[in-house]
Amino acid sequence: MQMEWLSAVIDFGIIGLLAALSVIVVAIVLERLFFYRSIELKSFASIKALELELTKRLVVVASVASNAPYIGLLGTVLGIMLTFYNMNLDASADAGKIMVGLALALKATAVGLIVALVSVVAYNALLRKTKVLLLEWEIGHDG
């Protein structure tokens with residue numbers, strides 16, 4: 001088919017981007033967890049300075065969590081467009097070919113949702129740990 005390259009772009013472009021974003025999220029989560037374990041709360045004189053250190057790179061995790069479904073949806077829309085285009089080229093296309101094309105298009109949305117779900121859970125866990133550390137700092141400076 002003439003549009004096979006677009007199918008590859010959808011597979012390797014959209015799903016590849018989502019895979020790269022998930023690797024970035026996992027790397028940030030691991031870095032933050034190691035940082036949270038090694039942080040010395042007493043070394044911070046200001047709660048604002050501590051909060052700045054604790055929340056570094058969390059915006060990246062939140063951004064991936066909120067945008068991954070849209071990236072996956074873009075892949076699905078492109079895949080469906082490709083399926084319709086191929087149907088136009090082959091007027092005798094049977095329902096099986098059409099369903100396979102649509103099913104393959106939907107995998108981009110599925111991958112986007114998985115990346116988003118993992119990112120949301122990671123972001124919430126990191127945010128909770130940040131709040132706990134801030135409260136521990138406050139408790140340590142009250143007494």
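Author: This is a predicted model. Leaving out residues up to four places away in sequence, Leu54 touches Arg32, Phe35, Tyr36, Ile39, Thr130, Leu133 and Leu134.

Reader: Which residues have the most contacts inside the largest nonpolar core?

Author: Leu54 is one of them, along with Leu18, Tyr36, Ile39, Leu41, Leu50 and Leu133. That core has 26 residues.

Reader: And which elements give two or more residues to this core?

Author: Those are α1, α2 (47–54), α3 (58–89) and α4.

Reader: Switching to helix packing. At what angle do α1 and α4 pack?

Author: About 15 degrees, with the axes of the two helices 10 Å apart. Here α1 covers residues 4–38 and α4 covers residues 95–142. Angles under 35 degrees count as roughly parallel, so α1 and α4 are roughly parallel to each other.

Reader: Which residues of α1 make the contact?

Author: On the α1 side they are Asp11, Ile14, Ile15, Leu18, Ser22, Val25, Val29, Arg32, Leu33 and Tyr36. The α4 side includes Lys107, Val111, Val115, Leu126 and Leu133.

Reader: How do the residues of that contact divide?

Author: Into 13 nonpolar, 4 polar and 4 charged for α1 with α4.

Reader: Left-handed or right-handed crossing?

Author: Left-handed, as α1 passes α4.

Reader: Different topic. Where is Arg57?

Author: Arg57 sits in the loop between α2 and α3. Its phi is near 65 degrees, a positive value in a residue other than glycine.

Reader: What is the relative accessible area of Arg57?

Author: 38%, so Arg57 is partly exposed.

Conventions
Residues numbered from 1 in each chain as written. Predicted model: local features only at pLDDT ≥ 70, side-chain atom pairs only at ≥ 80, totals over all residues. Heavy atoms only, no water. Axes fitted to C-alpha atoms, helices over the stretch in contact; angles between N-to-C directions. Helix = DSSP H or I, 4+ residues; strand = E, 2+ residues; numbered from the N terminus. Parallel < 35°, antiparallel > 145°, perpendicular 65-115°, else oblique. Left-handed = near helix turned anticlockwise from the far one by under 90°. Contact = heavy atoms within 4.5 Å. Nonpolar A, V, L, I, M, F, W, Y, C, P; charged D, E, K, R; others polar. Core = buried A, V, L, I, M, F, W, Y, C linked by side-chain atoms within 4.5 Å. Buried < 20%, exposed > 50% of the residue type's maximum accessible area, 1.4 Å probe, protein only.
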